[in-house]
Amino acid sequence: MNDILTYLAARYDPAAIIVYGSFADGSSNLFSDFDALLITADGERKHDDSFVDCTQLDVFVHPMSDFQGDYDPAEYVQVYDGQILLDRDNVAATLLEKVARYLDERAGKAREELALNVSWCEKMLRRAERADAEGSYRRHWLLTDSLEIYTEVCGWHYLGPQKALRQMEKKDKGAYALYEKALCENDYSSLAAWIEHIRSRFEKKGKRK
């Protein structure tokens with residue numbers, strides 16, 4: 001990481017750096033990207049995907065002006081559990097506070113909204129039963145969107161598929177097994193079992209209240 005930070009400092013003269021993903025949580029390996037949000041004093045938005053010592057960067061460069069005044073923290077949820085490596089003007093700490101507040105509010109979705117999302121999954125499941133191109137398309141659409149819906153039903157923060165899957169494997173191994181099977185096996189019954197689990201989790205959550 002030191003060589004990467006030396007490269008970023010020389011190229012961008014950053015005012016703040018937040019690293020997130022595998023390099024932040026210690027799970028990086030030979031195939032990991034270096035994910036970071038870098039804030040500069042001025043300039044334009046950029047994306048740096050250079051290689052530094054065989055590690056590919058996935059660094060989003062933003063000018064300080066993006067974080068002045070009223071900005072939408074929903075655009076930066078990926079940094080939620082990131083590590084601040086540099087923060088000259090407290091802009092990174094303020095951003096993390098706003099993102100945490102936004103995610104806490106989003107995690108508290110009304111039961112009526114969650115019910116609509118679960119019903120949407122069941123409607124898509126019925127349409128995915130069709131043995132044609134549209135049915136296959138809806139199956140893939142459902143597999144993608146249902147992961148975020150599942151995390152919302154559980155009351156977790158959705159921070160992308162990698163973290164959602166890791167959290168699911170840790171906290172709900174049964175759900176993880178069902179979702180993995182639905183992803184890997186191209187059959188309707190596996191998908192139906194996964195959606196049924198989401199419905200069951202939603203109903204049990206309601207009973208606890």
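This is a predicted model: local features need pLDDT of at least 70, side-chain atom pairs count only at pLDDT 80 or more; totals for chains, interfaces and linings use all residues.

What pattern does the protein chain follow, read along the sequence? The pattern is α-β-α-β-β-β-β-β-α-α-α-α-α-α. In total, the secondary structure of the protein chain comes to eight helices and six strands. Along the principal axes, the C-alpha atoms occupy a box of roughly 55 × 40 × 30 Å. Of the 209 residues in the protein chain, 42% are buried.

Let me turn to the interior. In soluble globular proteins, nonpolar side chains tend to be buried together. In this model, the largest nonpolar core has 25 residues. The residues with the most contacts inside this core are Leu142, Tyr150, Met168, Leu191, Trp194, Ile195 and Ile198. At least two residues of the core come from each of helix 4 (111–128), helix 5, helix 6, helix 7 and helix 8. Helix 5 gives the most, with seven residues.

Which residues of helix 7 are buried? They are Ala175, Tyr179 and Ala182. Viewed down the axis of helix 7, these buried residues fall within an arc of 60 degrees, so they line one face of the helix. An α-helix has 3.6 residues a turn, so residues three or four places apart point the same way. The face of helix 7 turned away from the buried side carries the exposed residues Lys173 and Cys184.

I now come to the pockets. The largest pocket has a volume of about 240 Å³. Its lining includes Asp25, Tyr80, Asp81, His157 and Leu159, and also Lys163, Ala164, Arg166, Gln167, Lys170 and Lys171. Which helix gives the most to this lining? Helix 6 (residues 161–171) does, with six residues. By class, the lining of the largest pocket has three nonpolar, two polar and six charged residues.

The second largest pocket has a volume of about 170 Å³. Among the residues lining this pocket are Glu129, Arg130, Ser136, Arg139, His140, Asn186, Asp187 and Tyr188. The elements that give two or more residues to this lining are helix 5 (133–154) and helix 8 (188–208). Helix 5 gives the most, with four residues. The lining of the second largest pocket divides into four nonpolar, four polar and four charged residues. Leu191 belongs to this lining, and Leu191 is also listed among the residues with the most contacts inside the largest nonpolar core.

Finally, I would draw your attention to the backbone. Most residues other than glycine have a negative phi, and most peptide bonds are trans. Cysteine 54, although not a glycine, has a positive phi of about 70 degrees. This cysteine lies in the loop between strand 4 (51–52) and strand 5 (55–63). Is cysteine 54 buried or exposed? Cysteine 54 is exposed, with a relative accessible area of 73%.

Asparagine 90 also has a positive phi, near 65 degrees. Where does asparagine 90 lie? It lies in the loop between strand 6 (83–87) and helix 3 (91–107). Asparagine 90 is partly exposed, with a relative accessible area of 46%.

Thank you for your attention.

Note on methods: Residues are numbered from 1 along each chain as its sequence is written. Side-chain values use heavy atoms; hydrogens and water are left out. Buried means under 20% relative accessible area, exposed over 50%, partly exposed in between (1.4 Å probe, protein chains only). The arc is that of the directions from the helix axis to the C-beta atoms. On a 1 Å grid over the protein atoms alone, a cavity is a set of points where a 1.4 Å probe fits but cannot get out, and a pocket is an open set with protein on both sides within 12 Å along at least five of seven lines; lining residues have an atom within 4 Å of a point. Grid points are joined across faces, edges and corners, and a volume is the space filled by probe spheres set on the points. Ala, Val, Leu, Ile, Met, Phe, Trp, Tyr, Cys and Pro count as nonpolar, Asp, Glu, Lys and Arg as charged, and the others, Gly among them, as polar. A nonpolar core is a set of buried Ala, Val, Leu, Ile, Met, Phe, Trp, Tyr and Cys residues joined through side-chain atoms within 4.5 Å.
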